[in-house]
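I keep these notes for someone opening the structure for the first time. Each entry says what I looked up and what I found.

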Amino acid sequence: YGAPGVEFMGLHEENNTVMQIHFIPEQCQLVTLLDDNSLHLWSLKQHNRASELQEERRFTLKGPPGFPLHPRSPPSATQITAVLPHSSRAVLYLGTESGSVFVAELPSFRVLEDRTVPSEAVLQRVPDDYCNRRSCELVEVLREHPKNPNLILIGYSRGLIVLWDLQNSQVTHHFLGSQQLENLYWQRDGTKFISCHYDGSYTQWPVSNDNRQPEPLENLVPYGQWLPLREATMTSGCLFLTGSRENSRAECWIANTCQLKQRSLLQHPWHDCGALTFFFFPSFQVLVMELNDEDAEHVVDHAEADLLQDQEGYRWKGHEKLKTRDGPVRFEAGFQPFVLVQCQPPAVVTSLALHSEWKLVAFGTSHGFGLFDHQQKRLVFVKCTLHPSDQLALEGPLSRVKSLKKSLRQSFRRIRRSRVSSRKRRGAGGNTSEVQEANAKFDQDALQEMELAPVQRKIEARSAEDSFTGFVRTLYFADTFLRDSSRHCPSLWAGTNGGTVYAFCLRVPPAERRMDEPVRAEQAKEIQLMHRAPVVGILVLDGRSTPLPEPLEVAHDLSKSPDMQGSHQLLVVSEEQLKVFTLPKVSSKLKLKLTALEGCRVRKVTVANFGSCRTNDYSENDLAVLTNLGDIQIISLPFLKLQIRYPCIRKEDVSGIASCVFTKYGQGFYLISPSEFERFSLSTKWLVEPQCIVD
């Protein structure tokens, strides 16, 4: 079973793409298929006091001597397209481009010729008109019956699906699909299965014991898909589920009948407190979910947060909010939603924060932010952050693209007019040397304004008229001194795209009165950064100048309790500088100007704990800062001194920089392609090399 930090790695000798990975059930083994049609068997073995994946055998499928291939059959006739490790752990079923299914013995990879399923045998008893219209073509997918290991589904690319009896070597049922097949999934009781098709449709098929020709139960085009949630997969950070048959059968149906063509369910990577987590839809919704190890049926409570608060002069021009479903909904065991918060206007949720002890969730959009009490299931407050000039934030995503293009055109026109008019003025009087000197100064000033240039540049104060100043970039909970230095209280902090920081005092009732009294909030502070640069991070340091720990970690003795005796400090990280303020007066103490000195902008920031590689008695907390140049800077706390700089991501790799995430111990991940991630470590103690042992 996987866990954070549990990882095993194996490296193929061949420099070929890994096309498929399949676990051998309950054997601590897996099989990989490369794009050169080779199969590789891997086992977990101990080596140098650590377990690693070691390659046991490799195999390339060739037609057995008695196999009836046409003399002119291309090499692709034995090209493997589908792999099924049987639950018996004795054989692999290999679907090919020729439409045949071969059986390879494990662990020897010896082909069992007498058990081959040729396409000719499959086509027997298939209606002639169906055969004439489409041939079997390649095997797209193989699936074992969840209750009867003697039955497997064979799905062909053109849509034909057959249920094959392994014991009697014959077809029991044909399922005549009409669309190109993509995948198959069994229902756990084996009475139905789902076929997924290229056009986005799915068909539900019944499986019975009689000889009647099966007809589809339904054929729909949803915006979703069937997903086996517990199937063994490789993830960023941990691998290795035992591949047990029971775990690989759980399925979850994620489907929506909304009018959007694309929707995704995303888990926020920062906040997960074990028994409760929250998700957000980019279509403006926040789902709070709790972990339940049993199936349940209940009504999902619904709340609406009006971020505009009926303010005059603001009118949303984007899409309408989605309608909620009435009545109880049945959920399988796992994370189950129990409350849904919908923001109005229905804009993208841009930031989230969760406090597990206080039972509070904060959320932000381009219009403002709000606080929700998920224990009492009530909205505590909302705060509109829109500036009168933020009309672009009210136009919705499609209108916004048009406005952005228009804004860019206008900007280029102003630049051209400015350069032409300045040259005309210079040319009207003065000699040639003066004109050349003025042009050189103009070009030098323009170069200093380029964002990507790693040189010192002058910071110009941003105008409050810039669009999206109310965009909420970060939210942060802290128990600190906000009103006076003698009493600390719960608080919520929010930072916007316009360089504004809001601080709210919270009154959270004690546990014995938590359900009877409401949570109350009152704005206590508002900080406006001089240069109005976007705020990307907020952090409170305790009396020992240590970042406040996660409350759940303190409750489980994983972190020390914060020092509430000494003075606290507030760290605000904007795209251009880091600034420390005293609390509760919020007076500026010190700052580090990254943009002015380094010519870079902050893209991501996190607190990382760096432990000594020589002793367990020493560690320190520093800031890890990723810039738009792709380098990572380690900055000390609380004095904001640059410790070291690492080049990490190419500055041209915008998507890699945007996707980068840090762990709390100085490791990180970023995408190097849509399907590949790179892992790195900034710590000498926590190296990238995995050191895990399985008995």
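**Entry 1. Thr-500**

I looked up the side chain of Thr-500 and found a polar contact with the side chain of Gln-528, at 2.6 Å. A polar contact is a pair of N or O atoms within 3.5 Å; within protein, one must be able to donate a hydrogen and the other to accept it, and residues adjacent in sequence count only if both atoms are side-chain atoms. This is a predicted model, in which local features need pLDDT of at least 70 and side-chain atom pairs count only at pLDDT 80 or more, while totals for chains, interfaces and linings use all residues. Residues are numbered from 1 along each chain as its sequence is written, and side-chain values use heavy atoms, with hydrogens and water left out.

Next I placed the residue: Thr-500 is in strand β31 (residues 500-507). Strands (E, at least two residues) and helices (H or I, at least four) are DSSP runs, numbered from the N terminus. Is Thr-500 buried or exposed? Thr-500 is buried, with a relative accessible area of 8%. Buried means under 20% relative accessible area, exposed over 50%, and partly exposed in between (1.4 Å probe, protein chains only).

I then listed what Thr-500 touches, leaving aside neighbours within four places in sequence: Ala-494, Gly-495, Glu-526, Ile-527, Gln-528 and Val-535. Contact here means heavy atoms within 4.5 Å. I also checked Thr-469, which is 31 residues from Thr-500 in sequence and 8.6 Å from Thr-500 in space, C-alpha to C-alpha.

**Entry 2. Thr-496**

I found Thr-496 in strand β30 (residues 489-496). Thr-496 counts as buried at 2% relative accessibility. Not counting residues up to four places away in sequence, its contacts include Thr-385, Thr-469, Gly-470, Tyr-502 and Val-535.

**Entry 3. Strand β35 and its partners**

I looked at how covered strand β35 (residues 577-582) is, and 5 of its 6 residues are buried. Strand β34 (residues 569-574) runs antiparallel to β35, and 5 bridges join them. Two strands pair if DSSP finds at least two bridges between them. Strands of a sheet pair through backbone hydrogen bonds, either parallel or antiparallel. Val-573 has Leu-578 in β35 as its bridge partner, and a hairpin of 2 residues joins β34 to β35.

I then followed the chain to strand β36 (residues 588-593), which pairs with β35 in the antiparallel sense over 5 bridges. Gln-577 stands opposite Lys-593 in β36. How many residues lie between β35 and β36 in their hairpin? There are 5 residues between them, and Val-586 in the turn has a positive phi of about 55 degrees.

**Entry 4. A sheet of 3 strands**

I traced an open sheet of 3 strands in the order β5-β6-β7, with antiparallel pairing. Its edge strands are β5 (80-85) and β7 (101-105), each of which pairs on one side only. Strand β6 (residues 91-96) is joined to β7 by 5 bridges. Leu-92 stands opposite Ala-104 in β7.

**Entry 5. Aromatic pairs**

I looked up the aromatic pairs, and the structure holds 14. Rings of Phe, Tyr and Trp (its six-membered ring) pair if their centres lie within 6.5 Å; planes under 30 degrees apart count as stacked, over 60 as edge-to-face and the rest as tilted. Phe-193 and Trp-205 are stacked, at 6.4 Å centre to centre with 20 degrees between the planes. Phe-193 lies in strand β13 (residues 192-197) and Trp-205 in strand β14 (residues 202-206), so this pair ties together parts that are 12 residues apart in sequence. Both Phe-193 and Trp-205 are buried.

The rings of Tyr-670 and Phe-680 have centres 6.1 Å apart and planes at 45 degrees, so I noted this pair as tilted. Tyr-670 is in strand β42 (residues 667-673) and Phe-680 in strand β43 (residues 676-681), 10 residues apart. Tyr-670 is buried at a relative accessible area of 10%, and Phe-680 is buried with a value of 10%. I also noted one aromatic cluster formed by Phe-175, Trp-186, Phe-193 and Trp-205.

**Entry 6. Cysteines**

I searched for disulfides (pairs of cysteine sulfur atoms within 2.5 Å) and the structure holds 0. For Cys-660, the nearest cysteine sulfur is that of Cys-648, 6.0 Å away. Cys-660 counts as buried at 2% relative accessibility, and Cys-384 counts as buried at 11%.
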